[in-house]
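Reader: I have not looked at this structure before. Could you take me through it by question and answer?

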Amino acid sequence: MTDPFPPSDRLAQRLGALFALFGVILGALAAHGPVHDYLESQNHLDYWHTALFQQWVHALALLALSHQGTARRGCVICWLVGVVLFSGSLYILALNSRMAWAGPLTPLGGLFLIAGWVLLWFSLLKKPVRG
């Protein structure tokens with residue numbers, strides 16, 4: 001039996017589910033317990049929350065795209081790289097601000113996130129309107 005979802009939609013589904021899974025786990029860690037206490041003592045909860053927010057936005061966007069059959073590989077790859085660089089670097093900096101190498105990755109990741117949205121916008125401009 002053939003898969004009803006094209007490869008880019010399957011990739012979007014899997015990444016969206018993975019980002020959401022880790023969003024729940026990382027959100028729980030920041031909400032209570034030793035990770036929360038550490039982040040609060042370092043005044044870095046805002047880094048963590050920004051990383052979580054962007055991760056969740058893109059997890060949900062990937063899942064929505066995959067179920068509409070509109071996922072484009074370029075967009076999906078940009079969001080993958082963007083979430084890893086943007087959110088990942090903020091998680092690292094929240095846990096250890098001396099990891100200065102991670103700082104430049106945040107805006108680079110942001111550029112990938114923006115590029116993914118631009119690619120999505122262009123692909124939607126090309127799609128015929130159903131009516």
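Reader: In which helix is Leu15 found?

Author: This is a predicted model. Its chain has five helices and zero strands. One of these helices covers residues 7-31, and Leu15 is found in it: helix α1.

Reader: Is Leu15 buried or exposed?

Author: A residue counts as buried under 20% relative accessible area. Leu15 has a relative accessibility of 9%, so Leu15 counts as buried.

Reader: Which residues is Leu15 in contact with, leaving aside its neighbours within four places in sequence?

Author: Contact here means heavy atoms within 4.5 Å. With the neighbours within four places set aside, the contacts of Leu15 are Leu62, Val76 and Leu80.

Reader: What separates the C-alpha atoms of Leu15 and Pro34?

Author: Along the chain, Leu15 and Pro34 are 19 residues apart.

Reader: How much of the contacts in the chain with a separation of 6 or more comes from residues 24 or more positions apart?

Author: The chain follows the pattern α-α-α-α-α along the sequence. For contacts with a separation of 6 or more, the share from residues 24 or more positions apart is 74%.

Reader: What kind of aromatic pair do Trp79 and Trp117 form?

Author: By the ring-centre rule there are three aromatic pairs. In the pair of Trp79 and Trp117, the centres are 4.5 Å apart and the planes stand at 50°. Planes under 30 degrees apart count as stacked and over 60 as edge-to-face, so the rest are tilted. The pair of Trp79 and Trp117 is therefore tilted.

Reader: How many residues apart in sequence are the parts that this pair ties together?

Author: Trp79 lies in helix α4, residues 73-95. Trp117 lies in helix α5, residues 105-126, so the pair ties together parts whose distance in sequence is 38 residues.

Reader: What is the relative accessible area of Phe122?

Author: Phe122 forms a tilted aromatic pair with Trp121, at 5.0 Å centre to centre and 50° between the planes. Phe122 is partly exposed, and its relative accessible area is 43%.

Reader: What percentage of the residues of the chain count as buried?

Author: The accessible surface of the chain is about 7,700 Å², and 71% of that belongs to carbon and sulfur atoms. The chain has 131 residues, and the share that counts as buried is 37%.

Notes:
Residues numbered from 1 in each chain as written. Predicted model: local features only at pLDDT ≥ 70, side-chain atom pairs only at ≥ 80, totals over all residues. Heavy atoms only, no water. Helix = DSSP H or I, 4+ residues; strand = E, 2+ residues; numbered from the N terminus. Buried < 20%, exposed > 50% of the residue type's maximum accessible area, 1.4 Å probe, protein only. Areas by Shrake-Rupley, 256 points an atom, 1.4 Å probe, with all protein chains shown as cover. Phe/Tyr/Trp six-rings, centres within 6.5 Å; stacked < 30°, edge-to-face > 60°.
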